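User: Could you walk me through how to read the contact between two chains in a model like this one? I would like the general idea of each feature, then the case at hand.

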Protein chains: 2
Amino acid sequence: MNPNNIWQKARIAVVGCGAVGTYYGARLAKAGADVHFLLRSDYQQVRQHGITVYCHHGDFVLPQVQAYQSAEAIGPCDLVIVAIKATANEVLPKVLLPLLHENTAILTLQNGMGNGEFLAEHFGEKRVMGGACFVCINRLSPGVVQNFRHGLIALGELDGRPQQRTRDLVERWQAAEVPCQLEESLNALLWRKLTWNVPFNGLAIAAGGMDVSGILADAKLAELARALMHEIREGAAAEGVQIEADYVDFQMDRTAVMGPYKPSSLIDFQQGRAVEVEAIWGEPLRRAQANGLPMPRLEMLYTLLRNLCRR
Amino acid sequence: MNPNNIWQKARIAVVGCGAVGTYYGARLAKAGADVHFLLRSDYQQVRQHGITVYCHHGDFVLPQVQAYQSAEAIGPCDLVIVAIKATANEVLPKVLLPLLHENTAILTLQNGMGNGEFLAEHFGEKRVMGGACFVCINRLSPGVVQNFRHGLIALGELDGRPQQRTRDLVERWQAAEVPCQLEESLNALLWRKLTWNVPFNGLAIAAGGMDVSGILADAKLAELARALMHEIREGAAAEGVQIEADYVDFQMDRTAVMGPYKPSSLIDFQQGRAVEVEAIWGEPLRRAQANGLPMPRLEMLYTLLRNLCRR
């Protein structure tokens, strides 16, 4: 890592210690970064036993981590990584405040669309970076996560082109054994990510509780997944984001190696937790509709999920 | 009733004593027709206690009915009313055989499409009539059914225009307090019926177990129900069957008075019984696709239901 990397000695907070926050925060902490985890229900467990990561390219344990029950106890940081469920965004204006100094950057790694805009509305666009995690990861129990497959993070700036801070953050994660890449357009990145989340997280629930191998094994469901991906491509194109047609093949191939992986939304659904229906399905639909684009399959999936996930 | 009505003294068999078979058979028996009920699991109960009908325009009990456990015990009839689930059609070639003489007519009152064709394939087109029941009806227990709302049967001939037998059967049911009407085209009738069954039976399951009032109460689900109806209209039009646009409004209005009615497919689904996925959703989709017509919403609903209903 470049010795001038601005995140070299940064104070970093991780808000939201589900699978993604725990894993990517633990990777930074393991590589020597000064990471502060804000926890709620998992606090006691993580405080006592630290974090355990099962990972397809090597397990590790951090027996002691800096764990907190309140943002006030953490205090101002240079970088705040937001990894709570998008359904809980309304707590962020209050929770993040004690973590900010004048130049604190905020990175959202949340699913779906609209999260960066929400943060920008409350804290100013200049602070906000966004990322997408291409990883099959589940939280097994408090402080224990398992990364089954893949692991890339892609990062970009909400208000435009990458800056020094974005490039340095990519390098920081790379130095922490996390494949990380820079994105010229955060909007393009999020549309690409949705080509997977929309069909697989959605059909996993709507088809009655199916892992991704079940979806791929049913020729009609697999075809429907592809049709949904093409709708997302059209939605992206209506915003000037070109996603090449063979990206659909790439996603299908990437999914084929995942085995019986349950998308996170299915696990949330099965465990009675909130599902990010608006961020993953509602927001891209509304954007496409604002562009006059009909998306019959996405609209139908959204309509079913809104009802399925509120019971 | 015209004294020359050909069904005046007919021997009639009812095969399949779920809600529809029991109700419409009981109406005929109550009006003096010679009706023979073929039962399986409900035999003992019906043999001992007869049939009880709760009906929005008057309850009645038939303390004794002609109940049988085998078609052989019934023997040849003039009219066989088929009201088993379409998912069990493969038993019909064997079950119906003992019920037929040279001129026996077969009337299918089953849900969806393809049932008349199936019977024609095995017993010849000339025998086959078809009908659609516009009724909110549930079987409460063996021999006990409840008709909540509506009740019309519409009847037609599989191979073309109504004949004397069709007209007389309409009159026979009318004389049994069943509103009954003649259809010039059975195919048109079945497409019309599907404008209701496709959205309401389907969304009731796919949206997570909703009665029709729940579907109507959610603006997006109600809009999706309308969109599905319009796809069915297009599928019908591709076969030369014109369904006027305001038939969709008629169906929505008709549904609004049903209250918290659970479509029969939802009850089947919730009770772990087979759902008529192919007859109601698969067959119209395949017909439309054969005409080069894409039906994205029907296709998606069919794909989800195929998976939901096999678990």
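Analyst: Happy to! The contact takes 24 residues from chain B and 24 residues from chain A, where contact means heavy atoms within 4.5 Å. A word on conventions: this is a predicted model, in which local features need pLDDT of at least 70 and side-chain atom pairs count only at pLDDT 80 or more, while totals for chains, interfaces and linings use all residues. Residues are numbered from 1 along each chain as its sequence is written, chains are lettered from A and ligands numbered from 1 in the order in which they are written, and side-chain values use heavy atoms, leaving out hydrogens and water.

User: Why can we say that the copies meet through the same surface?

Analyst: Because 100% of the interface residues of chain B are also interface residues in chain A.

User: How much area do they bury between them, and what share is on carbon and sulfur atoms?

Analyst: Buried area is the accessible area (1.4 Å probe) that two parts lose on being put together, summed over both. For chain B and chain A that is about 2100 Å², 63% of it on carbon and sulfur atoms.

User: How many salt bridges are there between chain B and chain A?

Analyst: Look for a side-chain nitrogen of Lys or Arg within 4 Å of a carboxyl oxygen of Asp or Glu. There are four between chain B and chain A. One salt bridge joins Asp218(A) to Arg306(B), with the closest N and O atoms 3.2 Å apart.

User: Which elements of chain B give two or more residues to the side that touches chain A?

Analyst: Helices here are DSSP runs (H or I, at least four residues), numbered from the N terminus. The elements are helix 7 (186-206), helix 9 (219-237) and helix 13 (296-308) of chain B. Helix 13 of chain B supplies the largest share, 11 residues.

User: And salt bridges within a chain?

Analyst: Arg297(A) forms one with Glu231(A), the closest N and O atoms being 3.1 Å apart. Arg297(A) lies in helix 13 of chain A and Glu231(A) in helix 9 of chain A, so the pair ties together parts that are 66 residues apart in sequence.
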